[in-house]
Amino acid sequence: MPSRKNIILVGFMGVGKGSVARELIKISDYMSVDTDDLIESMENRSVKRIFEQSGEKYFRDLEKRVSLWLENSVSNTLISTGGGFYKQENLKDIGVVVFLNSSFDKILKRIKSHPNASKKLKKRPLLNDLKKARELYKERLPQYMAVADIVIDVTDKSALECAKELLEKVKEHA
């Protein structure tokens with residue numbers, strides 16, 4: 001299985017992984033899946049509800065199941081991931097890891113300026129406490145950098161601009 005043909009988008013919640021993915025599939029031959037969407041389908045409940053009812057550890061176990069399935073079953077696919085998916089041990093076996101980077105304040109501004117801002121914030125239970133969320137961002141930033149094969153700075157760029165840059169860098173990386 002040529003799993004290295006996969007592109008895995010990692011980055012903090014709200015950085016634009018889904019938006020970049022939607023633009024990228026319009027301008028490439030890639031299919032796209034989202035790990036949180038897969039988990040919601042498996043569980044028939046939202047990520048928020050999974051966290052509330054079953055806790056973070058249970059959710060991380062679901063991410064592990066999804067990561068193993070992706071490694072063994074998926075190729076030529078753009079994989080958008082939840083904010084903590086980057087911790088999966090088999091990440092590099094799934095594909096090339098692309099970190100979408102932006103400052104915490106720019107991510108927050110991006111979410112708040114979205115037409116469905118309240119819905120977007122509701123969907124991200126870890127953003128309920130901004131102080132904790134900022135600490136989590138600071139903790140994760142060096143970890144994202146450590147797992148990334150490619151880093152794309154998404155600050156003040158459109159999703160389409162990021163998608164084009166991503167495709168170019170993936171081509172160079174191959």
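Me: How many aromatic pairs does the structure hold?

Reply: A pair of aromatic rings is described by the distance of the centres and the angle of the planes. Rings of Phe, Tyr and Trp (its six-membered ring) pair if their centres lie within 6.5 Å; planes under 30 degrees apart count as stacked, over 60 as edge-to-face and the rest as tilted. The structure holds six such pairs. In one of them, the planes of Phe51 and Phe59 stand at 40° with the centres 5.0 Å apart, so this pair is tilted. The model is a predicted one, in which local features need pLDDT of at least 70 and side-chain atom pairs count only at pLDDT 80 or more, while totals for chains, interfaces and linings use all residues. Residues are numbered from 1 along each chain as its sequence is written, and side-chain values use heavy atoms, with hydrogens and water left out.

Me: Are Phe51 and Phe59 buried or exposed?

Reply: Both Phe51 and Phe59 are buried (under 20% relative accessible area, with exposed meaning over 50% and partly exposed in between; 1.4 Å probe, protein chains only).

Me: Which parts of the chain does the pair of Phe99 and Tyr144 link?

Reply: Phe99 and Tyr144 are stacked, at 5.1 Å centre to centre and 25° between the planes. Phe99 lies in strand β4 (residues 96-101) and Tyr144 in helix α7 (residues 130-147), 45 residues apart. Helices (H or I, at least four residues) and strands (E, at least two) are DSSP runs, numbered from the N terminus. Phe99 and Tyr144 are both buried.

Me: Which residues have the most contacts inside the largest nonpolar core?

Reply: In soluble globular proteins, nonpolar side chains tend to be buried together. A nonpolar core is a set of buried Ala, Val, Leu, Ile, Met, Phe, Trp, Tyr and Cys residues joined through side-chain atoms within 4.5 Å. Here the largest has 49 residues, and Ile7, Leu9, Val98, Leu100 and Leu166 have the most contacts inside it. Helix α3 (residues 47-73) supplies the largest share of this core, seven residues.

Me: Which residues of helix α5 are buried?

Reply: An α-helix has 3.6 residues a turn, so residues three or four places apart point the same way. In α5 (residues 104-113), the buried residues are Phe104, Ile107, Leu108 and Ile111. They lie on the same side of α5 because they cover an arc of only 95° around the axis, taken from the directions from the helix axis to the C-beta atoms. The exposed residues Lys109 and Ser113 are on the face turned away from the buried side.
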